[in-house]
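Hi everyone, thanks for coming.

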Amino acid sequence: MAVLPSLQRSLISVCFLACLATPIPLPTDAPTCTPDESAHYSLTFTGKWTQDAFPKQYPIYRPPAQWSNLIGVSHSVDYHMWRRGDFASNGVREFTEKGEAWTLMKEVEAAGQRVQSVLGVFSTPAVTAGSGQASAEFEVFASNPYLSFMVRVVPSPDWFVGVDSLDLCEGGQWKENVSLELFPYDAGTDSGFTFSSPNYETIPQDKVMQITSSSPNHPANSFFYPRLKHLPPIAKVMLTKIKKTNQIISFPAEPTQSNQLPTDNEIEEKHIKTPLDCEVSPWSPWGLCKGKCGDSGVRHRTRYVLMHSANHGTACPLLEEEKKCTPDNCL
């Protein structure tokens, strides 16, 4: 997926917000969340949207499964980019439906000018497959210790993953490492059921809600897996606090049990295969009774496969039945 067309100039239009924030203090190793002490973080977004984990209607082409740019903000408690149970803004609508960030960035800019609640805006590159990684760095202050971000599920009607107002200051100290599993959300602005549904505006608009294996409770929904209690995570995000030495940012030299990124083997051990049961159409009407007059005849009915099974799900049943009958139109 191409980089969001409006993203670069959008970010330029709001970059002055960082200049309005408290000046960057002299470097220190103290991890306290004091008003004059900032913290730098590295964010790594990992897509886990694979055909094994989400086999139902998995997008293969036009376009294949992928992720948009991540749009993130560091902010204070009185700002929300999005919130579960609230109505999505016009900026969120345009981003989740079309991948366009211009209106969303204008909303962020307006919040920064009005109450100085937004410290800065950052983004990652798009991830051009369902699985993959993208990274960025950002800064927080004690007055703006919250992180929010969104990533659009591509293709989809208005689905996304994200975090709303994650507080990085806990007990007066900056968190060193944070790892979160991400699940899909519906922005409530488009009523499509599948990844490739055509645009179908939701009137009246619904509130932002989390998509689960049983909600929306409709077999056509791309995330409808009635055998599952919970969906597997479709993505994850890892945050690592970056140490500063003489204004030079560096990662911890010695990885520890708490801050070490998972290895390829550890990721492989968590590989998920979601069972998908076969789905078939209703039976057709019984056909004409065929046979010789005076003898017993046979009539047939058929059904067809709507979705093939995967990952040891229930196999497809018989697609044709016959039964004995008396031949039609015998004289």
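Let me start with a term: when I say disulfide, I mean a pair of cysteine sulfur atoms within 2.5 Å. And keep in mind that this is a predicted model.

So, how many disulfides does a search of the whole structure find? It finds 3. Take cysteine 33 and cysteine 169: their sulfur atoms sit 2.2 Å apart, and they form a disulfide. The torsion about that S-S bond is about 115°, so this one is right-handed. The pair links distant parts of the chain, with cysteine 33 in the loop between α2 and β1 and cysteine 169 in strand β7, 136 residues apart. Both of these cysteines are buried.

Next up, cysteine 278 and cysteine 316, with sulfur atoms 2.0 Å apart. Here the S-S torsion is about 95°, so again we have a right-handed disulfide. Cysteine 278 is in the loop between α5 and β14, and cysteine 316 is in the loop between β16 and β17. Is cysteine 316 buried or partly exposed? With a relative accessible area of 31%, cysteine 316 is partly exposed, while cysteine 278 is buried at 15%.

Then there's cysteine 289 with cysteine 325, sulfur atoms 1.8 Å apart. Cysteine 289 lies in the loop between β14 and β15 and cysteine 325 in strand β17, so the pair ties together parts that are 36 residues apart in sequence. Cysteine 289 and cysteine 325 are both buried.

While we're in the loop between β16 and β17, look at asparagine 311, which is placed there. Its side chain reaches the backbone oxygen of aspartate 52 at 2.9 Å. Asparagine 311 also has contacts including Lys273, Thr274 and Pro275.

Now the sheet. Six strands form an open sheet, in the order β3-β2-β5-β6-β10-β11, with antiparallel pairing. β3 and β11 stand at the edges with a single partner strand each, so one side of each has no neighbour in the sheet. Helix α3 packs on this sheet, touching β2, β5 and β6, and its direction makes about 40° with that of β5.

Last, the inside. The largest nonpolar core has 42 residues, and Leu43, Phe45, Trp67, Leu168 and Leu239 touch the most other members. Among the elements giving two or more residues to this core are β1, β2 and β12. There's also a second, separate core of 19 residues, which includes Phe95 and Met150.

Note on methods: Residues are numbered from 1 along each chain as its sequence is written. This is a predicted model: local features need pLDDT of at least 70, side-chain atom pairs count only at pLDDT 80 or more; totals for chains, interfaces and linings use all residues. Side-chain values use heavy atoms; hydrogens and water are left out. Two strands pair if DSSP finds at least two bridges between them. Helices (H or I, at least four residues) and strands (E, at least two) are DSSP runs, numbered from the N terminus. Contact means heavy atoms within 4.5 Å. Axes are lines fitted to C-alpha atoms, for helices over the stretch in contact, and angles run from 0 to 180 degrees between N-to-C directions. A nonpolar core is a set of buried Ala, Val, Leu, Ile, Met, Phe, Trp, Tyr and Cys residues joined through side-chain atoms within 4.5 Å. Buried means under 20% relative accessible area, exposed over 50%, partly exposed in between (1.4 Å probe, protein chains only). A polar contact is a pair of N or O atoms within 3.5 Å; within protein, one must be able to donate a hydrogen and the other to accept it, and residues adjacent in sequence count only if both atoms are side-chain atoms. Lists of a residue's contacts leave out its neighbours within four places in sequence.
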